[in-house]
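Here's a quick tour of a protein model. Have a look at the fold before reading on.

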Amino acid sequence: MSPTLLRTLLAVSCLFTTVIAQTSYANDFLDPAFIVSKEYGNNTLAAQETVVKWADTLAAQGPWSVMTKQGIAPSGDMHDYLSWAPYWWPNCTGVGNTTELTPEQIWTTCPYYVRDGLFNPDVRFVNDVGNFQNMSDAVFYNAIASTMGNTSYGTNVVKFISTWFLDADTKMNPNLNYGQVQRGPGVQSGSHTGVLDLKSMTKVVSAVLILRRSRHPGWTSDIDSQLIAWTQEYITWLETASIALEEGAATNNHGTFYYNQLAALKILVNDLDGAKNVTDTYFSKQYLAQIEASGEQPLEAARTRPYHYRAYNLAAMITNARLAKYADPSSTVWNTTTSAGATIKTALDFAMGISASTSNETDYASELYPSVAAVAAVYSDPDGKYLTFLQGAEPDFAEDPYFLWDQPWALDLDVSNLVNSSGSTSNVKNGAGRSVGLGALGVGLAGVICALLV
């Protein structure tokens with residue numbers, strides 16, 4: 001990007017004092033050629049601004065490592081990833097204690113039982129899962145921002161990936177043997193659901209592909225070789241470990257996300273044929289039973305939070321289709337139908353027809369929005385129903401980063417009424433769209449830039 005164009009972008013950004021909320025969507029995968037070529041229209045200037053602001057906000061929090069968690073895996077090795085099963089709760093009524101149990105005693109003494117969809121907040125005590133999510137978001141947005149004129153964003157990506165995967169003192173061992181451990185008496189080991197913790201690996205792969213494609217000077221052949229070696233070990237674990245294979249056999253969103261992760265990693269190690277085989281397997285197995293003729297996703301609708309799980313699995317299906325198309329550009333995967341004759345578009349259309357409030361899930365409403373734009377970009381929007389939906393649900397959606405890469409739908413769209421210039425500020429949000437705190441960083445940085453441009 002030329003200095004003049006960058007200055008123009010920043011000047012336009014100063015017209016908007018809002019910092020749109022940073023939301024951690026489940027996963028995504030981008031075509032690096034599109035991002036690096038920057039063939040998006042000027043109507044994406046607000047989305048580009050948001051990418052840069054999110055990159056700044058996230059980078060200020062890093063780097064992240066498995067070595068910073070409170071607690072240690074049963075292996076005794078801090079380099080082993082650790083998380084606790086989120087929907088499992090203790091029942092200490094029959095353990096015979098005469099004094100109040102400490103948290104550590106509860107974790108190993110009390111039987112645990114599942115309460116589907118009800119998140120046990122103490123699982124964040126060991127927060128490898130949250131740290132990985134934050135790292136994946138940081139490298140994703142910093143990699144995109146690195147193509148917009150400032151290579152220091154790419155340097156952030158190199159640092160964060162090196163810290164999590166490569167540096168001897170901080171790296172994660174290439175396995176999930178202790179992912180979503182079910183606590184309680186006896187031997188504690190990971191469960192197959194723990195594989196889902198690294199669902200956003202697709203964002204990491206997107207970041208790497210962008211740095212490779214743009215020939216970022218910090219992404220050296222040595223770093224690339226090291227990450228490929230780590231990834232190959234982890235792929236072996238995903239394809240051989242019993243709990244990983246159990247996750248790969250799951251018929252609901254767990255299986256869909258397993259194929260996301262494995263296909264993306266095959267792409268990272270330059271095994272496009274392997275990636276194609278992975279996505280072909282998904283679309284010829286799990287996918288066939290995941291969408292009914294009406295568009296309903298029965299396995300997700302049966303859960304305690306059906307709106308969330310419909311959007312969740314839909315995002316994973318879209319990512320699998322994007323991965324398939326990247327591995328094989330001749331693929332017609334978007335037209336693949338389930339056994340009931342439905343497509344990904346059918347699933348979205350059905351999900352759009354159900355309000356999140358129906359199941360008391362208004363906090364999760366925004367999870368569906370990127371999928372609406374993604375489907376519109378692929379299948380087109382001849383009657384404008386997807387645009388109308390987003391205008392009603394998220395009037396300033398053209399400021400959201402997904403508007404940047406969900407092309408060519410956005411190329412000719414007039415966004416003058418689709419950006420927020422109200423002067424309000426927003427907070428960072430998690431995947432459910434709930435605020436978790438941004439503070440003045442984004443606004444302050446924007447203010448400094450604008451002052452310099454005056």
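This is a predicted model: local features need pLDDT of at least 70, side-chain atom pairs count only at pLDDT 80 or more; totals for chains, interfaces and linings use all residues.

## Ground rules

Buried means a relative accessible area under 20%, exposed means over 50%, and partly exposed is what falls in between (1.4 Å probe, protein chains only).

Numbering runs from 1 along each chain as its sequence is written, and side-chain values use heavy atoms, with hydrogens and water left out.

## The overall picture

The protein chain has 18 helices and two strands; these are DSSP runs (helices: H or I, at least four residues; strands: E, at least two), numbered from the N terminus. Take the contacts (heavy atoms within 4.5 Å) in the protein chain with a separation of 6 or more: 74% of them come from residues 24 or more positions apart.

## The disulfide

Searching the whole structure turns up one disulfide, meaning a pair of cysteine sulfur atoms within 2.5 Å. Cys-92 and Cys-110 form it, with their sulfurs 2.0 Å apart. The S-S torsion is about 110°, so the disulfide is right-handed.

Cys-92 sits in the loop between strand 1 (88-90) and helix 4 (103-109), and Cys-110 in the loop between helix 4 and strand 2 (112-114), so the bond ties together parts 18 residues apart in sequence. Cys-92 is partly exposed at 24% relative accessibility, whereas Cys-110 is buried at 0%.

## A buried lysine

Lys-266 belongs to helix 10 (residues 253-268) and counts as buried because its relative accessibility is 11%. Beyond neighbours within four places in sequence, Lys-266 touches residues including Glu-239 and Asp-271.
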